[in-house]
Amino acid sequence: MKRTPFLLAIFLVICLYPITALAPRPEQKVRALQDGLALTPPMGWYPWNTFGQEPQNEKLIKEMVEALVSNGMREAGYLYIGPDEGICFYRAEDGRLTTNLERYPSGLRGLGDYIHKRGLRYALYTDAGTHTCSRAMPGTKDHELEDMKQFAEWRCDYLKVDWCNTRGQDIIQTYTKLYEAQQAAGRPIVHSLCSWGEGSPWKWAAAVGHLWRTTGDICEPGKADWENAMSIVFDNEKLFEYAGPGHWNDPDMMIVGMPGLSEAQNRSLFSLWCMMASPLMAGNDLRTMTKTTREILTNLELIAVDQDPLGIQGHIIRKDGRVSVWGDKKLFDGSQAVLIFNQNDSPVEAAIRWPEIGINNLSALYVRDLWKHETTGPHKEGISVPVPPHDVVMLRLSKSKDFPLPPIISSDTYLVSLRSTGRTPQTLSATLTIHNQGTAELPLWRISSNLPPWLSVQVTRKGKNQVVINRVFTSGLKKGSYHALVRLDNKDPISGKPLSAFYYDVDLEVTDDITESPKQPQREDQLL
């Protein structure tokens, strides 16, 4: 690459950078403003990168659920998990999607309940065409409404919608029809649009989905492809202006921890995904991953950059041969993230000058290395750091020596199940705990959904965590099954930005008709 003369380069950095940084982003209608979902990039695990189609079944998914819970990934924010294709359903003679019980003997609703009880969110897969990509499962074409109702009945939380076998279909009309069908089905679901960049979804998909694939697949099943991953990185990077809370560019599931990649490559890919505010969907075998891979995937300081409430996608601000400097990623507390990526076969010494990131030369900044977990400074004018070959340095720069983490939310369960026996009125209760890995204590989560008369919800504090108390009053209820979907909302106390809505299910089974009590107990949510 031809170098720009030094003085001209400094002039361009100082004069043009603020204009670029403040340029308005293209305006789109944003679906997430209604349902409150995916206001930070979704995190979770999908099986395709490692396993492909054939090994997928209920046993595999449950083993991955248990691995994700036990290895600390759930508390780090990885919540969505489920089959990706996996021949998990077929279309019955009556036209309804039906579980493939040979592979999923508990049924897809049963698998969803298992996932929810383990404090995780249920992810499923479908296709917008006549069949899925493998042609082993039916697509949604001409069955949009009944299929979205079925996914709602299975209590799906995240739905990947592929774009195979769609010849003759208009991409915007098709995905819009699926969005409308899901709205009619009534259950809020994160929609992951997977057209591999076909139709330029970044220009229109925020109105009908929450994230969209920007490129082709990152690898074939079981074959990590580093060169292809890097091609995807630089294609996705160009689309930074289209990303934001509730509408994300998706460069595909990660290959971190898959065979054939070095520690430096794993660290680099994870850093790049976090810098681009990409969905963090792990794709490795969680049961056998190394301690080093687990430490990479659960690095909360990196995850904090990805899950920042401002939702800004960082991008390249300078490139010198095979060394790229990424910035323009302001964070919720006023700090900034900077990444230096060295693709050379030898180490480099890379310098960052404050004007490159829109800061006056005389400003004194503390510098936090997010991989070494070390803070230095304050530094004036800039900083120089060594970067190993095919590796990254990930930094956070701030006028304060404190580097708070934004809210990173998880829960011990997303399903509350209660059972009433006998004809005498009862008051039943069950709790769930909302965990927060962020630095600041959150305001109390507030109840945003209309609750049925038989259910009361109250939220209390327990340190940085919060306990949600669910009480059921069975007086006057008839024998049968009852269900409520509860929505809680909150805001980050530092930036004031809304957090992703917290939804959970409450199931009540009443085994006998229950007489009415003389006086209904006062509900706690009426007292708040």
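Helix H4, which covers residues 58-70, has 13 residues that at 1.5 Å a residue should span 18 Å, and its end C-alpha atoms are 18 Å apart, which agrees with that expectation. The model described here is a predicted one.

Around helix H4, several features can be read together. At its start, a side-chain oxygen of Asn57 reaches to within 3.2 Å of the backbone nitrogen of Lys59, while the helix is followed by Gly72, whose phi is positive, near 90°. Within H4, the buried residues are Glu58, Leu60, Ile61, Met64, Val65, Ala67, Leu68 and Val69. An α-helix has 3.6 residues a turn, so residues three or four places apart point the same way. The cover over the buried residues of H4 includes strand E1 (43-45) and helix H3 (48-51), together with strand E2 (80-81) and helix H5 (107-117).

Four strands form an open sheet with mixed pairing, in the order E20-E26-E25-E22. Strand E20 (415-420) and strand E22 (446-447) are its edge strands, each of them pairing on one side only. H5 packs on this sheet, where it touches E20 and E26, and the direction of H5 makes about 105° with that of E20. Inside the sheet, strand E25 (residues 480-489) and strand E26 (residues 502-510) run antiparallel and are joined by nine bridges; Ala484 stands opposite Val506 in E26.

| Residue | Relative accessible area | State |
|---|---|---|
| Asp285 | 16% | buried |
| Trp354 | 0% | buried |

Asp285 is found in the loop between strand E10 (280-282) and helix H10 (291-297). Its relative accessible area of 16% is under the 20% limit, and Asp285 therefore counts as buried. Once neighbours within four places in sequence are left aside, Asp285 is in contact with Thr50, Phe51 and Met64, and of these Met64 is one of the buried residues of H4.

Trp354 lies in the loop between strand E14 (348-353) and strand E15 (364-369). Not counting residues up to four places away in sequence, Trp354 touches Ile359, Asn360, Asn361, Ser363, Leu365 and Val367, as well as His379, Lys380, Glu381, Gly382, Ile383 and Leu397. For His379, which is 25 residues from Trp354 along the chain, the separation between the two C-alpha atoms is 9.7 Å.

Definitions and conventions. Residues are numbered from 1 along each chain as its sequence is written. This is a predicted model: local features need pLDDT of at least 70, side-chain atom pairs count only at pLDDT 80 or more; totals for chains, interfaces and linings use all residues. Side-chain values use heavy atoms; hydrogens and water are left out. Helices (H or I, at least four residues) and strands (E, at least two) are DSSP runs, numbered from the N terminus. The expected span of a helix is 1.5 Å times one less than its number of residues. Buried means under 20% relative accessible area, exposed over 50%, partly exposed in between (1.4 Å probe, protein chains only). Contact means heavy atoms within 4.5 Å. A polar contact is a pair of N or O atoms within 3.5 Å; within protein, one must be able to donate a hydrogen and the other to accept it, and residues adjacent in sequence count only if both atoms are side-chain atoms. Two strands pair if DSSP finds at least two bridges between them. Axes are lines fitted to C-alpha atoms, for helices over the stretch in contact, and angles run from 0 to 180 degrees between N-to-C directions.
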